[in-house]
Amino acid sequence: MDLVYDVVVVGGGVAGVSAAIAASRTGARVLLLEKDMSLGGVLTTALVNPMMTFHSPARQVIGGIGQEIIDRLVSIRGSYGHIDDPIGFVKSITPFDPEKMKSLLIEMLKEEGVDFLFNSFVLNVSREGGTITSITTVSTGEENRVNAKVFIDSTGQGNFSIRGGAYYNIGDGSPSSCQPMTLVMRIGGVDREEIASYVNRNRDDFIISEHTDLSYLGIAGFFSFMSRLDDYGIYFKRDRLLFFEVPYNPGQIFMNTTRYPGYANRSKELTDAQTNGNIDVWKFMDFLKKEIPGFANSFLIQTGCHIGVRETTHIVGDYVLRTGDLIYRKTFDDSIAVGSYPIDIHLPGSAELKTISIPYPGEYYIPMRSLIPKGLENVILAGRAISADHTAFSAVRTSPLATATGMAAGITAALAVKHRRLVRDVNIDLIQREIIEMGGIL
């Protein structure tokens with residue numbers, strides 16, 4: 001079957017959804033393709049929770065469609081909205097219910113008239129010079145030829161752009177340098193009062209904001225317990241437990257602690273990481289029940305549908321964001337979004353975490369040029385796929401900023417179609433004006 005659209009978005013995480021909505025609102029006919037059977041990407045399929053962060057220490061820096069998603073989740077008791085980070089790592093966190101997010105994102109696409117297809121994989125990319133003319137998608141028993149004027153790559157790893165011939169780097173220069181993967185668990189039967197009491201009596205064993213009253217549990221700590229992981233034959237190494245409460249689900253938490261090294265673009269290494277995670281989970285539950293205060297009666301509800309992948313490939317864009325751009329707040333005439341998450345590197349083969357704070361007000365800027373893959377004329381990057389080096393990527397990879405770069409990508413794509421221009425030639429003043437009108441923050 002032949003399908004014809006103005007804009008095709010590949011990848012249905014929050015970046016892709018934001019891009020599709022923004023493109024449709026700006027006048028384009030849009031198709032979104034998602035390889036899984038739900039929208040939301042790692043937030044819903046890998047249970048990455050909470051979102052962080054919509055705020056710098058000075059102000060809210062993410063608005064627009066990302067804020068619309070949160071407002072609507074709050075209205076259906078799917079989120080508490082933005083709350084102070086109990087750990088003090090960022091200004092705010094935004095916990096949410098992934099099942100309600102799945103449904104909400106579908107509703108939002110349907111309201112905006114965006115067509116979307118689940119279980120759709122890009123099989124082939126047809127290219128003339130630097131222009132992608134069409135793609136072939138494959139699903140169960142079906143192939144489609146999809147034509148579009150502009151394509152948006154919100155695949156996380158930039159796999160679509162790579163298929164189209166984009167330049168890219170791997171990790172910090174090699175597959176072994178990629179940040180490890182994490183299998184997140186949803187756990188019930190947790191005694192929050194016992195945990196809060198223990199934390200208050202042993203605050204030196206935790207990273208905790210001095211202002212938090214533990215009315216919401218976001219816990220990084222139990223450091224003194226972690227050496228006992230080896231006694232349970234657990235594969236992964238970690239120096240702390242990290243978990244957050246599930247909104248409106250008493251006694252439930254998302255545990256984001258496990259770590260499995262590997263290069264997720266190699267099927268064997270991805271399989272090994274998922275395998276080790278699925279085997280470890282029951283040993284880890286035994287460890288929690290026997291060792292950690294508040295977990296004696298806990299039980300596993302689910303693990304992510306797939307392991308959470310932090311890092312693989314980095315697309316080389318017209319501009320590659322680097323560490324100094326973030327730390328020294330480099331300004332760009334073509335800025336399209338503001339980020340505030342700090343540099344946060346999970347070291348492969350290590351139990352530790354390397355962090356670098358962004359000096360006050362803790363903000364940095366994303367140029368439109370980082371959304372344009374070098375060598376391609378009608379592709380725009382969104383979300384984790386934007387162009388950044390290994391260190392800068394560890395800050396700009398998070399979901400709130402993904403909604404902002406997705407919105408900018410969708411606006412740019414629609415304007416490119418409307419004005420019959422290459423994506424890198426769209427007037428930046430028009431892009432920035434549309435971002436602001438859609439509620440974005442520059």
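This is a predicted model: local features need pLDDT of at least 70, side-chain atom pairs count only at pLDDT 80 or more; totals for chains, interfaces and linings use all residues.
Which handedness does the crossing of H10 and H11 have? The crossing of H10 and H11 is right-handed.

**Helix packing**

H10 and helix H11, the latter spanning residues 428-437, pack with their axes 10 Å apart and at an angle of about 130°. An angle between 115 and 145 degrees is neither roughly perpendicular nor roughly antiparallel, and H10 is therefore oblique to H11. On the H10 side the contact is made by Met-407, Ala-408, Ile-411, Thr-412, Leu-415 and His-419. H11 contributes Leu-430, Ile-431, Glu-434 and Ile-435. Sorted by class, the residues of the contact of H10 with H11 are seven nonpolar, two polar and one charged.

The second pair is formed by helix H1 (residues 14-25) and helix H4 (residues 98-111), whose axes lie 10 Å apart at an angle of about 20°. Because angles under 35 degrees count as roughly parallel, H1 is roughly parallel to H4. The crossing in which H1 passes H4 is left-handed. Val-14, Val-17, Ala-20 and Ile-21 of H1 meet Met-101, Leu-105, Met-108 and Leu-109 of H4. The contact of H1 with H4 is made up of eight nonpolar residues, with no polar and no charged ones.

**Cavity and pocket**

How many cavities of 30 Å³ or more does the structure hold? There is one cavity of 30 Å³ or more. The largest cavity has a volume of about 60 Å³. Its lining includes Val-61, Ile-62, Gly-63 and Gly-64, together with Ile-336, Ala-337 and Ala-404. Met-407, Ile-435, Gly-440 and Ile-441 also line the largest cavity. Strand E17 (335-339) and helix H10 (399-419) are the elements that give two or more residues to this lining. By class, the lining of the largest cavity has eight nonpolar, three polar and no charged residues.

Four nonpolar, five polar and four charged residues make up the lining of the second largest pocket.

**Backbone details**

Most peptide bonds are trans, and most residues other than glycine have a negative phi. The table lists exceptions in this model.

| Site | Feature | Value |
|---|---|---|
| Asn-49 to Pro-50 | cis peptide bond | omega near 0° |
| Met-52 to Thr-53 | cis peptide bond | omega near 5° |
| Arg-77 | positive phi | near 55° |
| Arg-329 | positive phi | about 55° |

Where do these sites lie in the chain? Pro-50 is placed in the loop between helix H2 (42-45) and helix H3 (64-75). Thr-53 is likewise in the loop between H2 and H3. Arg-77 lies in the loop between H3 and strand E3 (83-84). Arg-329 is found in the loop that runs between helix H8 (323-327) and E17, and E17 is one of the elements that give two or more residues to the lining of the largest cavity.

How values were computed
Residues are numbered from 1 along each chain as its sequence is written. Side-chain values use heavy atoms; hydrogens and water are left out. Ala, Val, Leu, Ile, Met, Phe, Trp, Tyr, Cys and Pro count as nonpolar, Asp, Glu, Lys and Arg as charged, and the others, Gly among them, as polar. Axes are lines fitted to C-alpha atoms, for helices over the stretch in contact, and angles run from 0 to 180 degrees between N-to-C directions. Helices (H or I, at least four residues) and strands (E, at least two) are DSSP runs, numbered from the N terminus. Angles under 35 degrees count as roughly parallel, over 145 as roughly antiparallel, 65 to 115 as roughly perpendicular and the rest as oblique. A crossing is left-handed if the near helix is turned anticlockwise from the far one by less than a right angle, and right-handed if clockwise. Contact means heavy atoms within 4.5 Å. On a 1 Å grid over the protein atoms alone, a cavity is a set of points where a 1.4 Å probe fits but cannot get out, and a pocket is an open set with protein on both sides within 12 Å along at least five of seven lines; lining residues have an atom within 4 Å of a point. Grid points are joined across faces, edges and corners, and a volume is the space filled by probe spheres set on the points.
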